[in-house]
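Here is a short briefing for a reader meeting this structure for the first time.

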Amino acid sequence: MIVAGCDIGSLTGKAVIMDRNGILSSAVIPVKGRPADCAEAVMARAMEEAGITGEDISFCVGTGYGRKNIPFADEEESEISCHARGAVWQNPGIRTIIDIGGQDSKAIKVDGSGTVLQYVYNDKCASGTGRFLEIIAGTLELSLDELGDVSARSEKVLNLSNQCVVFAETEIISLLNEGVYIPDIVQALHRAVAGRVAALARGIVVEPETTMTGGVARNIGMFRALESVLGCELACLERPQINGAVGAALFALERVSDSIKPGRA
Amino acid sequence: MLAGGCDIGSLTSKAVLMNRGRIVGAEIIKSKPEPGESAQEVMGRALAKGGYSFEDISFCVGTGYGREKIPFVQETVSEIACHARGARWLVPSARTVIDIGGQDCKAMRISIDGTMEKFITNDKCASGTGRFLEVMAEVLGVSLEELGNVSSSSKNPVVLASACTVWAQADVIRHLNENVPLADIAAGINNAMASRMAIIANNIGIEKDVCMTGGVAKNAAVVAALEKILGVRVKRIRKSDPQIAGAIGAALLAEEKISGGPQ
Amino acid sequence: MRKETKEYNYDWMMWRIFEAASRVKDGSEKESRELLNYIPSFKAALEPMFSHGEVGTSYLRVVARYLDNIIHAKERGQKTAISTFCFSPAILYAMDVVPITLELLSVMGTILWKRGTSEYLEYCCEAGFTETSCSSQRGSLGAYLAGLGVDIDFVLCDSPGVCDTNANAFAFASTYLDKPFYQLNMPPNLTGERSREYHRADFRSMISFIEEQTGKKLDQDRLREILIEIEVQDEICDEIEELQRLKPNPAPVEYPLFIYATRFLFSGMKEGTVVLRNILDKVRENASLGISGIAGGEEKVRALFCYIDHYTTNFRMWDMLNDNGVAHLGGILSRQWDISSPLSLEKGDPEEGYGIRTGSLDEMIDSIAEINSRLPMIKSIRGPYDMPHMWLEDNLALARMYDADMIVYSGTPGCRNTWGMIKLFARDTEKQGYPTYIMYSDAFDDRVESWETTRDRFEEFLKVRRLV
Amino acid sequence: MNNPFMDIARTLENKYIVQWKENGNAVIGYTCSYLPDEILYSMGILPFRMRGTGAGSTSIGDTYFGPFICSMPKCILQLAGEGSYGFLDGAVVIPGCDSMRRMDDCWRKAGGDIEGALPEFFHHLGVPHKAVDYSLTWFRQEIEEFVAAVEKHFSVKINEDRLRESVKTYNRGRKLLRELQELRNLKSSPVSGAESMAVILAGSAIPRDIFNSLLEEYLAELRLRKNPGTKKRILLAGSANDDVELLQLIEGDKAVVVADNICFGTRFHPDIVNEDADPVSALAEHYLFRSECPRMFGDYKKRYSILREKIDSAGVDGVILQNIRFCDLHGSENGLFERDLEKEGIPSMRLEREYGPMVETGRVKMRVDAFLERIG
């Protein structure tokens, strides 16, 4: 019984194909144009890798910003539920999940079954979101993936005062004008975002084990910054970026097993 | 006798060369991380166009965020003064100048004799800046110029969360996902922008004529939306690119230096 | 502000709309439909009120009446005073002053107009008022600053020490319009003789201020009538509040708004009593039939609104509640604290509520001062948070009494007060087992967060927290 | 010339506090200029006006405060959470404005989460928002309750003679601060706004006796200073500012801030407390009836005339009206000030800023330069 999960975010689209024994394949592509096209593309990529076709997929759950526009999804689930489900499946010890998404960040409290107990979104204003990192990376003429390594070279502590993305951008431009060492700026950027995210996570009281999901989690600089602000170690998921899609696929599995239960009985 | 004006903004850098009140060279480039570098390049290009070299500049005024870092200027002046000066040259009847820069939005009121009476800059969240439109255009996958044209066919513009650029962006994505016509989204963006500008314009008190400088002035829809809110006509700038008004102002100030005192 | 907006007289325009609307149901069905076509753009906003039959129409009538009072005050030789929602108008009625309550006008504008009150919100900024200030005043104040409303004679507020941002709007207005200003200042703690004495003294000096402005002495008999009418209204509301405890809650989701708006508009006035009676009759009827007030008829979730409602265009919040089977249990706005109200009885503290005594003038002034100090925002939001009878305590008591499944916060970014403690509040209510949803939107301005986003997030909460 | 106050202004726990603590004395922090320092000082306790400068982030602040709140209390809470206020034996929160009042709640909660973040002694002083006879009675009672609480917690006793002494000491300081202002008013004022700011900040951070003697020496040195006095003369008004860097940024090399009308500024107790009357009543009256803060609603005209007076006596070329984002009280009063000042032909500029580390100087600098060009 093969199922799929499809997570269309505001920056990237992810697809996961699984069966009861685990993940068969996955794919991640940047979002371009309408979410529907992105969904088709990323799912095609995943199916190709798994060497299957649409017919083989008995159930698909969609999630993420564009979840309403995934043509082939049989059902949709919120990112929150999916990230919770996915993270606990990847690591059963997880009780707190911090997801830094493109448009918004969330802190989620879960129980052992991966059910959401409580969650909070980031405060109004976008500091503390992936988009914030993306815009600033652009200003620094770096790619999102480079940020982590660059910040590792940071030498001295620097503070970003401004919480507004665009003004923070101005601020960073003036720092560049002053010839400030770029790794220090990136480090400051990570600490700024981490600070915002930590404030949000503390709101639901962080319980171990805590992990970070979403593409940003692959940014080691961000990961460490968050650890130091929260003052605790973060559990590292094997596949943080596709976690949402994994969760969606797990919901799909649940549906199919529900549907065949009568048969069993 | 060349007078130079160099405006190093956070997003774009501009250079203007003048000779006895005539523009003999102008250039716009995307700003580089190093403002000095941007200045060298943009001025270098402007000079090259007319077959000049740096030696030909007898006085140069610098302005913009990076003004302190321009190696070849004799004097620096704030972009607010420069924009006012430039706008007056572009539209001699202008009493109110609205300038949308990359990172801020200014409104200036100028007396009949051309001195600056009052100015206001937008300190609020960044919606209402050129960057706001850039980010939005990017999301819609259209160019800044297109953003203006697309919206012209809009029937009912959307209302955007204009409080914060990124939240507005979230709204734009939502509307895209819900297959709202591009025109209506674009119109919503232009309206949000215009109403932001209107607040600060009304804040200093509008005096006719009103003109608009900066890159956004090229977005016909925003200008139209602004006219609708303010209820006054915004004089279009035809003499040159409104985006280089600041550099023009700087160059004019440089010319004054050369000839000693305003003409 | 747009040029064309400047051409319309603000409160007159509002009056015409409600005047017309309040007559729509006077004629036959056919006539009504005809009439509705005269106010096409407001159909969507007014339909929900008509759908509530006598309750809705009588509510429309009092709003129209309220606006009628405002625009005709001058020709009737009355003084006008702008004031805040958390200020009992009773004393003004007793002194023949016409109250203009900014927040109520803002609510009407937000619900009625397609572009909301954005023009007036923005005009305040154009006049030099901060954009970060509360939208609940700006949404109508802008019109008066722009000179689009009736002439204001003086400014009254009782929010200093309760909500400084609110008080600041009125202080600004009085300076900007150069009108006399009086503030009732609330001590941080409400209870105890010391606070009572302070509030009394403050209230008495306000009365002499008003007497100065109007040149009329306070009419004792008028005041007595009003106090007696307040008692009548309290009794009605006490019963409604009692009935809302039933499962399912027999009160439709719109009723809390009707109740508090009516009380803020016409506390102690017969006009108001009519509406409250109609509301009670309907709630009784539903209760006797054991049916829910929700349009769909099925109560899935019982939600307590810990602060204000979301007033987005065309009552879309109420649609959302109806569509999701969410019963509106009211909140601090729809409550009052007369000593015999369910909440006061539940908490059983003599200091909790107010009592009405109509003997001597002093007794009456004390009573009305007490009433004023027990208005929702003043009582619950004054600070600090850990003073007795405060926000958290009140809401936890209400959540318990009304067996709420969830607590909803809706406010405005301008509210330093609640935003300064909502995170603590939500933590504590969650700890007590009440899923608490915080709306990051502006109850008076869809441009802060579009209604669609707000609704999505709310429904997501219902789903993820498994409330439905 | 060295300014002995700079360090004090730039650090929280200055060397005098360290000494003070070593001698076994207590320090109480407070949030708003309506607290009568004289009383604590007379009881051998050092009153310290809390600041948020030095906070590198507001992560802890944002855990408790919502997003739409002034960053000053957030920064103060941040520092408390990080342990920078470990030297405080107590804290007093005053409802100066909504954001500050809510720090009471947020700080208590933070105290529950973070070991040692909350001082043992924590008091809420309910200062009324109006100055009339019955609010004065209220305020006097508040002070008495406060004194009782301090006496109980720190097992000290208030003593009238020592209180009178303390009032004299503070009055002496007020006189010296006034002399400083007189020097600033001079056409060729020998002292920069940044230096003066440092002095005033120190006044709220070290024992008054030491402050007085330091200031006397400093004034003597200043009188010998020569200054051409060719710079633009600026008055800085609006929200609380405890950041010397902001002054330096504004002054640059073209301007000098010769006067201010800000909390943490010369607004800090301008006039003398009556030394003959009953000290507690005299103090209550002195502090409550000063109406420089827009928290005293309805007193605009009074405040405008105070501002005008300062403008005239300092011969100011232009006024900068700044406010911290979300500070609606000052922000909107600045709108009115600007309207009325411009009407009188006094150039003025409103400026909204973030409180906290002044990394982002580009925008502020650009506005200030343009303003200086305008009045030039």
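**Chain D overall**

A compact globule of 376 residues would have a radius of gyration near 21 Å, and chain D agrees with this at 20 Å. The model is predicted.

**Size and make-up of chain D**

- Along the principal axes, the C-alpha atoms of chain D fill a box of roughly 60 × 45 × 45 Å.
- Chain D has 15 helices and eight strands.
- Of its 376 residues, 62% count as buried.
- Take the contacts in chain D between residues at least 6 apart in sequence: 72% of them join residues at least 24 apart.

**Helix H12 of chain D**

- Helix H12 of chain D covers residues 279-289. Its buried residues are Pro279(D), Leu283(D), Ala284(D), Tyr287(D) and Leu288(D).
- Seen down the axis of H12(D), these buried residues fall within an arc of 145°, so they line one face of the helix.
- What covers them includes three helices of chain D: H3 (37-42), H7 (133-154) and H8 (160-185).

**A sheet in chain C**

- Four strands of chain C form an open sheet in the order E2-E1-E3-E4. The pairing is parallel.
- Strand E2 (97-101) and strand E4 of chain C are the edge strands, and each pairs on one side only.
- From one strand to the next, the twist averages 25°.
- Strand E1 (residues 79-83) and strand E3 (residues 154-157) of chain C run parallel and are joined by two bridges.
- Ala81(C) has Phe154(C) as its bridge partner in E3(C).
- Strands of a sheet pair through backbone hydrogen bonds, either parallel or antiparallel.

**Where chain C meets chain D**

- This contact takes 39 residues from chain C and 40 residues from chain D.
- On the chain C side, five elements each supply at least two residues: helix H10 (164-176), strand E4 (181-183), helix H11 (193-214), helix H20 (416-419) and helix H21 (422-431).
- H10(C) gives the largest share of that side, nine residues.
- The residues of the chain C side that touches chain D divide into 19 nonpolar, 14 polar and six charged.

**Where chain B meets chain C**

- Here the contact takes 15 residues from chain B and 13 residues from chain C.
- Helix H5 (165-177) and helix H6 (182-204) of chain B each supply at least two residues of the chain B side.
- The largest share of the chain B side comes from H6(B), with four residues.
- By type, the residues of the chain B side that touches chain C divide into seven nonpolar, five polar and three charged.

**Ala245 in chain A**

- Ala245(A) lies in helix H8 of chain A, residues 243-264.
- Is Ala245(A) buried or exposed? Ala245(A) is buried, because 35 other C-beta atoms lie within 10 Å.
- Not counting residues up to four places away in sequence, Ala245(A) touches Gly5(A), Cys6(A), Asp7(A), Lys14(A), Ala15(A), Val16(A) and Ser26(A).
- Ala245(A) and Thr63(A) are 182 residues apart along the chain, and their C-alpha atoms are separated by 7.2 Å.

Methods
Residues numbered from 1 in each chain as written. Chains lettered and ligands numbered in written order. Predicted model: local features only at pLDDT ≥ 70, side-chain atom pairs only at ≥ 80, totals over all residues. Buried ≥ 20, exposed ≤ 12 C-beta atoms within 10 Å, placed from the backbone. Arc of directions from axis to C-beta. Contact = placed C-beta atoms within 7 Å. Nonpolar A, V, L, I, M, F, W, Y, C, P; charged D, E, K, R; others polar. Rg over C-alpha atoms; globule rule 2.2 N^0.38 Å. Pairing = 2+ DSSP bridges. Axes fitted to C-alpha atoms, helices over the stretch in contact; angles between N-to-C directions.
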